[in-house]
Amino acid sequence: MAALVSDTISELRVRYAETDQMGVVYHANYLVWCELGRTDFIRALGKSYAELERDGVLLAVSDATMRFHASARYDDPIRVHTRLTSAGSRGLAFSYRVMRADTETLLVSATTSLVSIDKTGRLAAMPRDIRTVLEAAVTPADHAQ
């Protein structure tokens with residue numbers, strides 16, 4: 001892990017399976033899109049989530065919040081803006097803005113907190129080299145996106 005990243009943008013298009021009976025994106029899919037943003041962010045730092053796990057760094061979501069501003073529908077182009085807002089020895093926090101790509105309409109603002117655990121599920125400190133790269137990529141939550 002070496003690259004300095006302050007935010008990433010992930011793009012996708014709403015799939016039919018992600019919509020509900022009313023034709024709008026089902027709310028739980030926004031969490032999946034946040035995961036996409038989070039994994040793209042980590043990859044932009046120089047390692048995939050799979051590589052982190054092979055190195056013994058397991059990250060479990062401990063908290064998630066979402067605020068819904070507008071609806072997305074089938075085939076809408078979506079852009080997920082992701083920032084790392086804090087990093088410590090045993091945890092990380094991310095913020096997300098899910099937008100409609102063609103109109104820049106804010107659909108969802110979200111945050112997730114993750115904890116570092118070992119293979120038994122207990123809290124564990126992240127290796128110093130990984131933590132150093134993560135700490136360098138932090139953009140505080142109050143910083144304008």
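Which side chain does glutamate 11 meet in a salt bridge? I started my notebook there, with a predicted model open: local features need pLDDT of at least 70 and side-chain atom pairs count only at pLDDT 80 or more, while totals for chains, interfaces and linings use all residues. Residues are numbered from 1 along each chain as its sequence is written, and side-chain values use heavy atoms, with hydrogens and water left out.

**Entry 1: salt bridges**

I found arginine 79 as the partner of glutamate 11, at 2.8 Å from N to O. My rule for a salt bridge is a side-chain nitrogen of Lys or Arg within 4 Å of a carboxyl oxygen of Asp or Glu. Glutamate 11 sits in strand 1 and arginine 79 in strand 3, so this pair ties together parts that are 68 residues apart in sequence. For helices (H or I, at least four residues) and strands (E, at least two) I took DSSP runs, numbered from the N terminus.

I then looked up accessibility, calling a residue buried under 20% relative accessible area, exposed over 50% and partly exposed in between (1.4 Å probe, protein chains only). Glutamate 11 is exposed, at 55%.

By this rule I count 11 salt bridges. One of them joins arginine 43 to aspartate 40, with the closest N and O atoms 3.3 Å apart. These two are 3 residues apart in helix 1, about one helical turn. Arginine 43 is partly exposed at 48% relative accessibility, and aspartate 40 is partly exposed at 23%.

Another links aspartate 55 with lysine 47, the closest N and O atoms being 2.1 Å apart. Here aspartate 55 is partly exposed at 40%, whereas lysine 47 counts as buried at 18%. I also noted that salt bridges with shared partners join Glu11, Arg79 and Glu104 into one network.

**Entry 2: the sheet**

In what order do the strands of the open sheet run? I read 1-3-4-5-2 for the 5 strands, with antiparallel pairing. Two strands pair if DSSP finds at least two bridges between them. Strand 1 (8–13) and strand 2 (58–68) are the edge strands, each pairing on one side only. Neighbouring strands are turned by 25° against each other on average, direction ignored. For such angles, axes are lines fitted to C-alpha atoms (for helices over the stretch in contact), and angles run from 0 to 180 degrees between N-to-C directions.

I followed strand 4 next. Strand 3 and strand 4 are joined by 9 bridges and by a hairpin of 3 residues; threonine 82 has tyrosine 96 as its bridge partner. On to strand 5, I found 10 bridges from strand 4, among them the one pairing alanine 93 with serine 113. That hairpin has 4 residues between the strands, and glutamate 104 takes a positive phi near 60° in it.

Helix 1 lies across strands 1, 2, 3, 4 and 5, running at about 135° to strand 1.

The largest nonpolar core has 31 residues, of which Tyr30, Trp33, Ile78, Phe94, Val98 and Leu134 touch the most other members. Such a core is a set of buried Ala, Val, Leu, Ile, Met, Phe, Trp, Tyr and Cys residues joined through side-chain atoms within 4.5 Å. Helix 1 gives the largest share, 5 residues.

I checked the contacts (heavy atoms within 4.5 Å) of phenylalanine 94. Leaving out residues up to four places away in sequence, phenylalanine 94 touches residues including Phe41, Ile42, Leu84, Ala110 and Leu114.
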